[in-house]
Amino acid sequence: FRSRKVLYLWTAATRKGRYAAKREKLKRDLLMAKPFFLDTFQSILESALRIRSLPGVDVKVRTVYGSKHESSLEKKTKEALESQKDQFSCAVDDLIEAYEKLREKLFETEKEEEQSRIHGKLESMSKPK
């Protein structure tokens, strides 16, 4: 009984330790887990969704379009693009702006982390042994 209980406790402890280590590694390495990314992530998703939801021209599957359909399809495509041009450009501008903010924040945090590493190394070197 005791050997089984010890084995169970040991297994549970190692599983918990591995889970905690993997979680810490993900938190450290994963870009989306960084707090500065969460602010811009919502705006990036909204812009991408707006672009994705813009209506386009319906092209039917398994349909051969000949010269007779080509002019009408071209006209429909041109009309659809003209009507969606402003919405598309606005959504793309918002997306570019969000990416620029994210890029700036990323560079700022990298500089801060580098400065803190350098500061930590200098402090450890300046301590008397």
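Reader: Okay, helices here are DSSP runs of H or I, at least four residues long, and strands are E runs of at least two, numbered from the N terminus. In what order do the elements of the protein chain run?

Author: This is a predicted model. Starting at the N terminus, the elements go α-α-α.

Reader: And how many helices and strands does that come to?

Author: Three helices and zero strands. Two of them will come up a lot: helix α2 covers residues 35-52, and helix α3 covers residues 67-126.

Reader: How much of the protein chain counts as buried?

Author: 9% of its 129 residues. The chain exposes about 12,000 Å², with carbon and sulfur atoms supplying 59% of that area.

Reader: What about contacts, how many join residues at least 24 apart?

Author: If you take contacts between residues at least 6 apart in sequence, 67% of them join residues at least 24 apart.

Reader: Why does Ser-47 count as buried?

Author: Because its relative accessible area is 3%, and buried means under 20%.

Reader: Now Gln-84, buried or exposed?

Author: Gln-84 counts as buried, at 16% relative accessibility. This residue sits in helix α3. Setting aside residues up to four places away in sequence, Gln-84 touches Leu-54 and Pro-55.

Reader: Switching topic. How many salt bridges does the structure hold?

Author: Three. One of them pairs the side chains of Arg-50 and Asp-94, at 2.4 Å from N to O.

Reader: What does the Arg-50 and Asp-94 pair tie together?

Author: Parts of the chain that are 44 residues apart in sequence, because Arg-50 lies in helix α2 and Asp-94 in helix α3. Both partners are partly exposed: Arg-50 has a relative accessible area of 37%, and Asp-94 has 30%.

Reader: Remind me why charged side chains would pair up at all?

Author: Opposite charges can pair when the charged atoms of the side chains come close.

Reader: Phe-41 is an aromatic I'd want to look at. What is its relative accessibility?

Author: It is 26%, so Phe-41 counts as partly exposed. The cut-off for buried is under 20% and for exposed over 50%, with partly exposed in between.

Reader: Back to the salt bridges. How do the side chains of Glu-97 and Lys-101 meet?

Author: In a salt bridge with an N to O distance of 3.7 Å. The two are four residues apart in helix α3, which means about one helical turn separates them. Glu-97 is partly exposed at 45%, and Lys-101 is partly exposed at 43%.

Reader: And Glu-100 with Arg-103, what's the N to O distance there?

Author: The distance is 2.9 Å, again in a salt bridge between side chains. Both residues lie in helix α3, three residues apart, about one turn of the helix. Glu-100 has a relative accessibility of 36% and counts as partly exposed. Arg-103 is partly exposed too, at 44%.

Reader: Last thing. Which residues gather in a patch of negative charge on the surface?

Author: Glu-104, Glu-108, Glu-110, Glu-112 and Glu-113.

Reader: Pick one. Where is Glu-110 found?

Author: In helix α3. Glu-110 is partly exposed, with a relative accessible area of 42%. That clears the patch cut-off, because patch residues need over 30% relative accessible area.

How values were computed: Residues are numbered from 1 along each chain as its sequence is written. This is a predicted model: local features need pLDDT of at least 70, side-chain atom pairs count only at pLDDT 80 or more; totals for chains, interfaces and linings use all residues. Side-chain values use heavy atoms; hydrogens and water are left out. Patches are made of residues with over 30% relative accessible area and no salt bridge: like charges are joined within 9 Å, nonpolar side chains (Val, Leu, Ile, Met, Phe, Trp, Tyr) within 5 Å. Accessible areas come from the Shrake-Rupley method with a 1.4 Å probe; for residues, only the protein chains shown count as cover. A salt bridge is a side-chain nitrogen of Lys or Arg within 4 Å of a carboxyl oxygen of Asp or Glu. Lys and Arg count as positive and Asp and Glu as negative; His and the chain ends are not counted. The place of a charge is taken as NZ of Lys, CZ of Arg, CG of Asp or CD of Glu. Buried means under 20% relative accessible area, exposed over 50%, partly exposed in between (1.4 Å probe, protein chains only). Contact means heavy atoms within 4.5 Å.
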